[in-house]
Amino acid sequence: MNNRSWPASVLQFRANREASLRREYGWLSLAGLFWLAEGENALGSAVDCPVRLSSRAPAHAGAFTLRGGQVTVTPAAGIRMTLNDAVLTGPSQILKVDSSGETDFIFIHDLRMRVIERAGKLGIRLWDPQSPVRRDFPGCIWYPPDASYRVAARVEPYAEPRHFTVEDSTGNLRPVTMHAALAFKLDGAEYRLDAERKDDGAFDIVFKDATAGRTTYGAGRFVDSEVPVGDQVVIDFNVAYNPPCAFTEFATCPLPVPQNILPVAIEAGEKYV
């Protein structure tokens with residue numbers, strides 16, 4: 001990437017990032033997370049519904065039922081509910097869980113729901129495109145692009161993947177797997193970040209630095225590396241971004257592993273003020 005195209009690519013990334021947040025069923029539309037109890041869990045806008053929907057939904061719209069690790073959904077009589085593109089009219093329908101790699105979306109009007117699994121618990125995630133969080137979002141705030149925070153790192157692969165357990169933003173414990181350490185220098189000092197390899201060979205990184213809680217999100221940020229060339233990979237902190245939990249209490253973001261909490265201030269990427 002040449003010096004002229006680099007700032008433009010950073011700005012394009014940032015524009016795409018904000019557009020993704022603002023989309024109809026993006027993170028800003030997340031409006032609920034309900035962990036299911038064994039048995040029937042009523043859904044609707046009534047206060048006695050464990051899966052509580054907005055006032056635009058019927059008071060009692062049906063139920064999610066959890067039995068033996070499977071979740072079914074049953075609409076109440078006279079309630080129009082769709083599963084993906086099909087209207088549900090009959091008996092309970094078993095739903096795919098997000099951890100299976102497949103997705104079932106349930107709709108009531110424009111309210112969208114799916115079953116998620118986190119730390120062995122099953123829950124219902126709710127999106128509402130009319131959420132005030134989405135409506136009133138002021139936009140992302142960024143540090144100005146700074147080429148000194150676009151760094152070349154040395155890939156130090158682990159002979160075997162390393163497994164850790166970290167807390168997520170909801171307080172649950174979840175497993176994470178690290179495939180390599182990425183060693184880089186800033187102002188002459190060397191640092192390392194543990195990273196998870198993606199399908200395309202690039203790395204996912206969850207990190208926290210000395211700006212956290214001051215000018216950036218307190219729990220840390222995410223950044224994706226470029227695809228490595230040999231044992232070298234570029235990490236551009238100018239495209240470091242806030243996790244979904246910076247925008248909604250209903251996300252389940254992993255926190256950094258202890259070795260990814262850096263003592264240096266990385267004044268690049270997305271801010272949080």
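**Figure 1. R114, a buried residue of strand β10.** With a relative accessibility of 16%, R114 counts as buried, the term buried standing for under 20% relative accessible area, exposed for over 50% and partly exposed for what lies in between (1.4 Å probe, protein chains only). The structure is a predicted model, in which local features need a pLDDT of at least 70 and side-chain atom pairs count only at pLDDT 80 or more, while totals for chains, interfaces and linings use all residues. Residues are numbered from 1 along each chain as its sequence is written, and side-chain values use heavy atoms, with hydrogens and water left out. Strand β10, to which R114 belongs, covers residues 111-118; strands (E, at least two residues) and helices (H or I, at least four) are DSSP runs numbered from the N terminus. Although R114 and A189 are 75 residues apart along the chain, a distance of 45 Å separates their C-alpha atoms. For the protein as a whole, the C-alpha atoms fill a box of roughly 65 × 40 × 30 Å along the principal axes, and 48% of the 273 residues count as buried. The protein has 17 strands and two helices.

**Figure 2. L30 at strand β1 and its spacing from M113.** L30 is found in strand β1, which comprises residues 30-35, and it is buried, with a relative accessible area of 3%. The C-alpha atoms of L30 and M113 are separated by 9.8 Å, although the two residues are 83 apart along the chain.

**Figure 3. The largest nonpolar core, with 26 residues.** A nonpolar core is taken here as a set of buried Ala, Val, Leu, Ile, Met, Phe, Trp, Tyr and Cys residues joined through side-chain atoms within 4.5 Å. The members that touch the most other members of this core are L182, F184, I235, F237 and I266. Two or more residues come from each of helix α1 (5-22) and strands β12 (150-167), β13 (173-186), β14, β15 (203-207) and β17 (232-236). Among these elements, β13 gives the most, with four residues.

**Figure 4. A salt bridge between E156 and R192.** Side chains of opposite charge can pair when their charged atoms come close. A salt bridge is counted when a side-chain nitrogen of Lys or Arg lies within 4 Å of a carboxyl oxygen of Asp or Glu, and by this rule the count comes to 15. In the pair shown, the N to O distance between the side chains of E156 and R192 is 2.9 Å. Distant parts of the chain are linked in this way, since E156 lies in strand β12 and R192 in strand β14, 36 residues apart. R192 counts as partly exposed, at 37% relative accessibility.

**Figure 5. A surface patch of negative charge formed by E196, D199, D200 and D204.** Patches are made of residues with over 30% relative accessible area and no salt bridge, like charges being joined within 9 Å and nonpolar side chains (Val, Leu, Ile, Met, Phe, Trp, Tyr) within 5 Å. Asp and Glu count as negative and Lys and Arg as positive, whereas His and the chain ends are not counted; the place of a charge is taken as NZ of Lys, CZ of Arg, CG of Asp or CD of Glu. Accessible areas come from the Shrake-Rupley method with a 1.4 Å probe, and for residues only the protein chains shown count as cover. E196, a member of the patch, lies in strand β14 (residues 189-197) and counts as partly exposed at 35% relative accessibility.

**Figure 6. Positive phi angles at A119 and D187.** Most residues other than glycine have a negative phi. A119 is not a glycine, yet its phi is positive, at about 50°; it lies in the loop between β10 and β11 (121-127) and is partly exposed, with a relative accessible area of 46%. D187, likewise not a glycine, has a positive phi of about 50°. D187 lies in the loop between β13 and β14 and is exposed, with a relative accessible area of 83%.
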